[in-house]
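Trainee: I would like to go through some of the words used for protein models. Could we take one as an example?

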Amino acid sequence: MLTFIGLGLYDERSITVEGRSELRNADRAYAEFYTSKLIGTSVEDLESHHDVEIEVRDRAGVEQHPEDILEAAETEDVAFLTAGDTMISTTHVDLRLRAHERGIETRVIHGVTAQTATSALTGLQNYRFGKATTLPFPYAHGADGHPASVSNTIDDNRADGLHTVVYLDIKVDNEAATNRLETDETLEEYMTADVGAELLAEEYPDLAGVVVARAGSPDPLVEAGTMADLAEREFGDPLHLLVVPGDCHLLEADALVELAGADRDDLDVV
């Protein structure tokens, strides 16, 4: 059995009760944290809290060389862990399909995602979000500013009246060093919302945005403003993301004003 378990958003306690039970009963546990990370804990604390040993894999170890994970799952109960939900913001469908090709039974135990937490914290209705996008560091996509794919997603969603989640780039372990053509360095770099807003403000200075920081933690932060305004603020520790509201229902607008300090004049209220 290969069981994919979402760890939730923040620390070793963010996992569901069902996920905790399956993790503690697993014969072996693997994890990846190159696409997202539990900021409120460490691998050591996860291991101690759940009384398990966890082998952390890099991108290549999951996407290109998962043979040992699959071989273990042929004879043992293996847990594969990620932050959030393993099949939403981080998709491991390929690994699941490879397991099926070998006749290995699989299961998914979901965790809380940034998408659902963002809807809850901002008051924006979940069914009114369009396609999400990721804003990379300029050095990661090889040009200044932001790629056209980000603008296209925002523009297309706004044309349809939909909200946009803009995930902010994460570089963990050696990914940042590789992209910067450096070697022998282990780096962790998280784009903050002020940096993301500054990049978007080059094209959208007056566009309303909402910062969601540390979702799932004891002290989440939600703040609204124009991109130019948000670029001048500080939002504390990661993880951060940005939301670009589309057309807002009256209740959504009230929520952004009350919960995020939005200026109603910056919103498109329908």
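Mentor: What follows is a short exchange on this chain, which is a predicted model.

Trainee: Why is His-240 called buried?

Mentor: Buried means under 20% relative accessible area. His-240 has 7%, so this residue is buried. Of the 270 residues of the chain, 49% count as buried.

Trainee: Where is His-240, and in which strand?

Mentor: His-240 lies in strand β12, residues 240-244.

Trainee: Which residues does His-240 touch, not counting residues up to four places away in sequence?

Mentor: Among them are Leu-168, Met-191, Val-212, Arg-214 and Phe-235. Contact here means heavy atoms within 4.5 Å. For the chain, 70% of the contacts with a separation of 6 or more are between residues 24 or more positions apart.

Trainee: How do you know that His-240 is listed for "binding site"?

Mentor: That comes from UniProt, in an unreviewed entry, which lists His-240 under that name together with residues including Leu-168 and Ile-88. The annotation may be inferred rather than shown by experiment. Ile-88 is in the loop between β4 (78-82) and α5 (93-101).

How values were computed
Residues numbered from 1 in each chain as written. Predicted model: local features only at pLDDT ≥ 70, side-chain atom pairs only at ≥ 80, totals over all residues. Heavy atoms only, no water. Buried < 20%, exposed > 50% of the residue type's maximum accessible area, 1.4 Å probe, protein only. Helix = DSSP H or I, 4+ residues; strand = E, 2+ residues; numbered from the N terminus.
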